[in-house]
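Colleague: Could you walk me through this model, please? I would like to start with the ligand.

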Amino acid sequence: MSLISTRSSEAVTASQAILAGMAPGGGLYVPCVFSPISQREILQMTAQPYARRAARVLEAFLDDFTSAEIAGAAEEAYARFDAPEVAPVCMLSGLDGPTHVLELFHGPTLAFKDVALQLLPRLTRLAMEKRGEKRELFVLVATSGDTGKAALEGFAGVPGTRCAVFYPSEGVSAAQCLQMVTQTGSNTHVIAVRGNFDDAQNGVKRIFADQDFAADMDACGRVLSSANSINFGRLAPQVAYYFSAYADMVASQAITLGQKVHFVVPTGNFGNILAAEYARRMGLPVGKLLCASNSNNVLADFMERGVYDPRRPFRRTISPSMDILISSNLERLLFELCDRDGALVARWMQALKAGQPYDIGADRLRALREVFVGDWVDDSATRETIQRVWQRARYLMDPHTAVAARTLMDYRNRTGDPTPAVIVATASPFKFGREVARALLGDVVTQGLDDFACCDLLADACGVDVPPRIAGLPSLPVRHNALIGAGDMADELRRIVGAAD
Ligand SMILES: *Cc1c(COP(=O)(O)O)cnc(C)c1O
């Protein structure tokens, strides 16, 4: 039993946690202990490929998986990345202070969610075998764009699983839509829902709450599941790349073993940066964790005042994957900050559910701020940063990554802190080619162009190639064209399983 819930002391194994997703009573699963990884082991990682490094870190969390199972899953998952290093670190020159970028966008969908979502289906499959789960796992996802495609790529072709993604007919970009509707794999299903993201998301929530629907699925040998970012199987793979980045920096002599580095993380649901905190608790020499938000600045305020207050307008920004007011994974950090007092966490989460703020108090705020620094960046500063980083360092950043870069620049200006820093790059600039082209080349030239023409323009101007996974999209055959009303989602799923049988 290696995991417990943030809201009760019930303990489970890793395979139970991965299949359950959320703990009973609404809590999240967290490790019972953070077992250390020594500096000697970090040194050993310098000579290992990424999948080996990842397997070592995962072994610390997945108590009822064998070493061979973990190694096999990691090797399969990361063979699909387009960089041999999987998560390469590059050094930027021309910025103030030693600055590195950890590129997490070399997976099939060109964004960091691939790192976890390529592994999760494989871990899920193993967990099903261990628990004697014979039913087909039917994964339902509502997406505003990126998570859906990453889940489809992860589950496509994985035996014993099926994945259905609902996206809003109004609200995903042309490139995002094409990425999804051209998805291959006989166990993948992509359905447009008339309306906006909330319509699709509420529809999926209704299906998960519908007992009759669950009984129907059980009767035909299926069990519903989700792939969202509170699943422990998505969190654990993310801890690995912080160790990997550190090992690479030791190998390139950018740092000496044991030297502290800061990580700067573009943050939405708090999963990515929480993984960095877990790495720190396991012994990785981390200085500060800079939590970078866009204009949805609830986390920056929280880290300033110790009060989490979601009562503010939701803002659409050019870094849409961070447009979030309730960061689910923060609950796991709160649990540590209050010395694992599940009852207290439950009270705070109840307040939040009722739309009310909660206050962690001065002592916990002080402990939080020993490690975390929160800040936020608006769209105009984000655009300016894309331009500045290109001009000074000849490095192209997507808007999410640029939010992190600006947070680091402002922090260094404020503090003069010379510690080496790693900016975590969460998406390829070509995934958000329109915004990056606008920031670098101006509104006038990009007006009236589609996403793909913007990418071509950007590639020409910067002397680089559009990644084949984007450039090739318009010529792929469309395989999914269902368009339904939000009230018809359950029927559509019944139709899908009927056709599959
Ligand atoms: C999901 C996402 C984020 C936010 O990550 P969290 O783990 O939710 O904090 C940042 N950037 C991109 C490109 C993403 O897709």
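Modeller: In this predicted model, an oxygen atom of the ligand sits 2.5 Å from a side-chain N or O atom of lysine 113, where a polar contact is a pair of N or O atoms within 3.5 Å. Residues are numbered from 1 along each chain as its sequence is written. Local features need pLDDT of at least 70 and side-chain atom pairs 80 or more, while totals for chains, interfaces and linings use all residues, and side-chain values use heavy atoms, without hydrogens and water.

Colleague: Which polar backbone atom is 2.9 Å from an oxygen atom of the ligand?

Modeller: That atom belongs to asparagine 272, and a backbone N or O atom of glycine 271 lies 3.2 Å from a ligand oxygen atom.

Colleague: And how much of the ligand's accessible area does the protein cover?

Modeller: The protein covers 96% of the 380 Å² that the ligand has on its own, by the Shrake-Rupley method with a 1.4 Å probe.

Colleague: How many residues surround the ligand?

Modeller: There are 14, with Lys113, Gly268, Asn269, Asn272 and Thr426 the closest, counting residues with a heavy atom within 4 Å.

Notes. A polar contact is a pair of N or O atoms within 3.5 Å; within protein, one must be able to donate a hydrogen and the other to accept it, and residues adjacent in sequence count only if both atoms are side-chain atoms.
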